[in-house]
Amino acid sequence: MVSTGTQGASSEDDRRPGADTGNQDRFHEDLVGLDPADPEARAFAEHLDRVEQVRPGYTVEGYLGGVRDFAEGANRLGGHHRLTAGILAALILLGVVVAAWDALVFILGVLFG
């Protein structure tokens, strides 16, 4: 049986502020002996959650999740990494606008030309 990585609603899909049960379970199972109140240990647990998260990359949800991960990573790094990510996003949007303009000009040229 092939698994797509989606198994219904889980606590990882719940992004509300009060839904932090995944990290607490991680401290009891994977990070035994580390203090859950330690900021570095919490950051490491969040990193492990991101690494182990599985979602299909061939769906719109998967693509948007990848974009969200990219944006969150750029915001965490800050500085010139954030600027580079902004420039990359602007270039991608510029490419989409140019492609849409070319398609519109082609369609109008075929219909009225």
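**Reading the helical model: values against definitions**

Student: Why does Leu104 count as partly exposed?

Tutor: Leu104 has 42% relative accessibility, and because buried means under 20% relative accessible area, exposed over 50% and partly exposed in between (1.4 Å probe, protein chains only), Leu104 counts as partly exposed. This is a predicted model, in which local features need pLDDT of at least 70 and side-chain atom pairs count only at pLDDT 80 or more, while totals for chains, interfaces and linings use all residues. Residues are numbered from 1 along each chain as its sequence is written, and side-chain values use heavy atoms, with hydrogens and water left out.

Student: Where is Leu104 found, and what makes the surface around it a nonpolar patch?

Tutor: Leu104 is found in helix H4, residues 79-112, where helices are DSSP runs of H or I with at least four residues, strands are runs of E with at least two, and both are numbered from the N terminus.

Student: Is Gly73 buried or exposed, and how do you know?

Tutor: Gly73, which lies in helix H3 (residues 60-77), has 17% relative accessibility and therefore counts as buried. Its C-alpha atom is 9.5 Å from that of Ala85, 12 residues apart along the chain. Over the protein, buried residues make up 12% of the 113 residues.

Student: Why is H3 called roughly antiparallel to H4?

Tutor: Two packed helices are described by the angle between their axes and the distance between the axes. The axes of H3 and H4 come within 6 Å and cross at roughly 150 degrees, which makes H3 roughly antiparallel to H4. The cut-offs are under 35 degrees for roughly parallel, over 145 for roughly antiparallel, 65 to 115 for roughly perpendicular and the rest for oblique; axes are lines fitted to C-alpha atoms, for helices over the stretch in contact, with angles from 0 to 180 degrees between N-to-C directions. In contact terms (heavy atoms within 4.5 Å), Phe70, Ala74, Asn75 and Leu77 in H3 meet Gly79, His81, Arg82, Ala85 and Leu88 in H4.

Student: What joins Arg68, Asp69 and Glu72 into one network?

Tutor: A salt bridge is a side-chain nitrogen of Lys or Arg within 4 Å of a carboxyl oxygen of Asp or Glu. Salt bridges that share partners join Arg68, Asp69 and Glu72 into one network. Being four residues apart in helix H3, Glu72 and Arg68 are separated by about one helical turn. Arg68 at 32% relative accessibility, Asp69 at 27% and Glu72 at 35% each count as partly exposed.

Student: How many helices and strands does the protein have?

Tutor: The protein has four helices and zero strands, following the pattern α-α-α-α along the sequence.
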